[in-house]
Structure formats: structure tokens, C-alpha cells
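Open the structure in your viewer and keep the selection tool at hand. This tour goes stop by stop: what to select next, and what is there.

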Amino acid sequence: MGKQTPLAGILWMALSGLSFVAVNGTVHHLGTALPAAEGAFIRFLYGLVFLAAPLWRILRAGLPDGAIRMIALRGGLHTVAVILWFYAMARIPVADVTAIGYLSPIVVTAGAAMFLGERIAARRITAIAVALLGALIVLRPGLRELAPGHLAQVGAATFFGLSYIVAKRLSTVLPAGALVALLSLSVAIGLAPFALWSWVTPTLAQLAALAVVALFATLGHYFMARAFAVAPVSVTQPVIFLQLVWATLLGVFAFGERVDPYVLLGGAVIIGAISYMSWREAQIARAGVTPPVGAEKA
């Protein structure tokens with residue numbers, strides 16, 4: 001691993017957050033003029049253009065035995081996730097989508113224990129419980145009427161998390177670049193029938209906006225990778241909360257949305273839980289040992 005520079009990691013992660021807020025704002029601006037599946041399909045087509053050269057090299061070299069089924073499974077899960085995300089993003093405040101989306105790492109943590117056989121320590125159980133409390137603060141079921149967009153975003157966070165679990169398994173046989181390129185291909189294929197079923201001819205402005213979405217999404221993932229390369233996750237993870245702050249400001253100034261203090265509080269609770277879990281696991285990794293069963297109580 002190269003030299004660790006925490007300040008650079010924080011700056012890269014901040015740029016990543018700004019990029020993803022730009023993605024959210026652009027999709028929110030598009031609204032409901034295009035069906036969710038069609039908007040997602042066009043966005044992933046642009047992604048295929050960006051990744052055409054490496055994708056061709058990957059396919060020519062061939063895939064490991066058994067990888068195709070896992071790639072297809074991940075593509076299916078991600079397809080459902082992006083349809084639900086596009087649906088939610090067009091219908092509920094930007095800050096709500098961002099805050100609820102923070103649940104994805106919690107789904108990954110719980111799913112890794114259930115499906116990958118990873119031991120779930122006390123700190124992980126505590127983090128999951130606290131994060132779910134944060135989600136309840138954001139959603140406030142029974143205290144306000146939940147819109148279909150809120151439920152769609154909960155579903156999107158869940159399916160994104162499941163997709164990342166499959167990606168974790170695939171990462172043992174495929175490099176990161178191949179995972180990204182093959183995901184774009186499989187999701188584009190998965191979205192195609194849904195997009196064609198409800199196709200609406202897009203305008204040039206809509207096509208340009210979706211190109212911006214694809215560009216900023218690519219930049220967001222690139223900046224995040226740079227952050228992880230130069231700083232530990234325990235340093236960069238809390239910076240993700242700034243994404244909710246920026247999303248709130250974007251909603252206020254660009255779309256006239258009101259500031260919901262419960263969304264900010266719930267998002268802070270979720271990120272706090274994730275950050276604590278990341279910090280504890282970073283400490284354990286630095287110690288170079290795996291604690292015995294029952295030793296991880298904090």
C-alpha cells in the first residue's frame with residue numbers, strides 16, 4: 001500500500017460526495033418525464049461507452065468458471081436497485097434519498113453474515129441496531145405518511161447492499177475494473193426490456209442530462225477509489241455525511257425543498273453507526289490479529 005495521507009483521503013472523499021450529489025440533483029431535475037427504467041437504461045448505455053475498451057479486453061480474455069452466474073445475479077439485483085432509485089429520486093426530496101441510501105452498508109454487513117458466513121461481532125450488531133434507529137428517525141412511520149418514493153428508496157438501498165455482497169464474492173476471482181465494466185453490461189441488459197416496455201422518446205436535453213449523470217457517477221467512483229487508496233476507511237467514512245449536508249442545501253436552493261431536521265438527525269445516526277464500526281475494524285486490522293469469538297464486545 002502507498003503512503004497514507006489522511007487529508008488527501010478526506011478531500012478525495014469530499015469530491016466523491018459532491019459528484020454523487022450532482023448525480024442526485026440531475027436525476028431529480030429530470031423528474032418523472034421519463035420512466036425510471038428508461039432513464040436508468042440510458043445512463044448505463046453511456047457507462048458502456050465509457051467502458052467499451054476495457055470491457056472488450058475482459059470478454060476476449062474470458063471469464064473464470066462459475067463467474068457468469070454470479071455476474072448475472074449481481075446484474076439482476078443491481079437492475080432492481082437502480083429502477084427503484086430512479087423512481088425515488090424523481091419523487092421525494094434529495095436529502096431523503098441520500099439519508100435512506102446510507103442503509104446500504106448496513107445491509108452489506110448483515111448480509112455478509114447471513115450469506116458469506118462472516119462472523120458478526122457485537123459491534124456490528126450494535127451498529128446495525130443504531131443504524132435502523134436512524135432510518136426510523138428519517139422515515140417516522142406512523143408520524144407522517146410515507147410516500148411510495150420513500151419505500152422505493154428503502155428497497156433500492158436493500159438491493160444495492162445485496163449487489164455489493166455478490167461483488168465481494170466476485171472480487172476474489174475478478175479485479176475491480178472488471179467488476180465495474182461487467183456490472184455496466186449486465187445492468188444495461190437487465191434494464192433493456194423494462195425500458196423498451198414503457199419507452200418514451202427522450203429529448204436532446206434529457207439525453208444530455210443523463211450523460212451528465214453517467215459522467216458524475218463515474219467521477220464519484222473514481223474519487224472514492226482514490227480516497228480509499230491514500231487513507232483508511234475509518235478516516236474517510238465520516239466524510240460521507242457531508243453528502244447529506246450538500247444534498248440538503250441542493251434541495252433548498254435548487255428545488256425549494258424545506259430542511260427536515262429529522263432527516264439530518266437520522267442520517268447522522270446512521271453514519272455515526274457505520275463510522276464507529278469502520279473505526280473499530282480498522283483498529284483490529286492494525287493489530288494484525290483476529291479477536292477470538294466473544295472478545296469483540298465494544
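Select Leu7, Ile10 and Leu11. Together they form a nonpolar patch on the surface, with about 280 Å² of accessible area. Patch members have over 30% relative accessible area and no salt bridge; like charges are joined within 9 Å, and nonpolar side chains (Val, Leu, Ile, Met, Phe, Trp, Tyr) within 5 Å. The areas come from the Shrake-Rupley method with a 1.4 Å probe, and for residues only the protein chains shown count as cover.

A word on the model before moving on. It is predicted: local features need pLDDT of at least 70, side-chain atom pairs count only at pLDDT 80 or more, and totals for chains, interfaces and linings use all residues. Residues are numbered from 1 along each chain as its sequence is written, and side-chain values use heavy atoms, with hydrogens and water left out.

Stay on leucine 7. It lies in helix H1, residues 6-30. Helices here are DSSP runs (H or I, at least four residues), as strands are (E, at least two), numbered from the N terminus. Is leucine 7 buried or exposed? It counts as exposed because its relative accessibility is 59%. The cut-offs are under 20% relative accessible area for buried, over 50% for exposed, and partly exposed in between (1.4 Å probe, protein chains only).

**Helix H2**

Select residues 36-50, helix H2. Its 15 residues should span 21 Å at 1.5 Å a residue, and its end C-alpha atoms are 22 Å apart, which agrees. The expected span is 1.5 Å times one less than the number of residues.

Now colour H2 by burial. Of its 15 residues, 11 are buried, so the helix is largely enclosed by the rest of the structure. Among the buried ones are Glu38, Phe41, Arg43, Phe44 and Leu48. What do the buried residues of H2 pack against? Show helix H3 (52-61), helix H4 (67-89), helix H9 (176-197) and helix H10 (204-230).

Go to serine 184, in helix H9. Serine 184 is buried, with a relative accessible area of 7%. It touches Phe44, Leu48 and Leu51, not counting residues up to four places away in sequence. Contact means heavy atoms within 4.5 Å. Serine 184 and isoleucine 58 are 126 residues apart in sequence and 13 Å apart in space, C-alpha to C-alpha.

**The nonpolar cores**

Select Val82, Trp85, Phe86, Leu170, Leu174 and Leu191. In the largest nonpolar core, of 46 residues, these touch the most other members. Elements that give two or more residues to this core include H1, H2, H3, helix H5 (94-101) and helix H8 (148-170). H9 gives the most, with 10 residues. Such a core is a set of buried Ala, Val, Leu, Ile, Met, Phe, Trp, Tyr and Cys residues joined through side-chain atoms within 4.5 Å.

Zoom in on leucine 174. Leaving aside neighbours within four places in sequence, leucine 174 is in contact with Leu63, Pro64, Ile71, Leu179 and Leu182. A second, separate core has 28 residues, including Ala95, Val138, Ala273 and Ile274.

Next, select threonine 98 in helix H5. Threonine 98 is buried, with a relative accessible area of 5%. Its contacts, not counting residues up to four places away in sequence, are Asn24, Gln243, Leu244 and Ala247.

**The salt bridges**

Finish at arginine 140, in the loop between helix H7 (122-139) and H8. Most residues other than glycine have a negative phi. Arginine 140 is not a glycine, yet its phi is positive, about 50°. It counts as buried, at 13% relative accessibility.

Which side chain meets arginine 140 in a salt bridge at 3.1 Å, N to O? Select aspartate 260. This pair links distant parts of the chain, 120 residues apart; aspartate 260 sits in the loop between helix H12 (241-255) and helix H13 (261-287). A salt bridge is a side-chain nitrogen of Lys or Arg within 4 Å of a carboxyl oxygen of Asp or Glu. The count comes to 4.

Aspartate 260 also meets arginine 144 (3.9 Å, N to O). Those two are 116 residues apart. Arginine 144 is partly exposed, at 21%, while aspartate 260 is buried, at 9%. Arginine 258 forms a salt bridge with aspartate 260 as well (4.0 Å, N to O), and arginine 258 counts as exposed, at 63%. Select Asp96, Arg140, Arg144, Arg258 and Asp260 together: salt bridges that share partners join them into one network.
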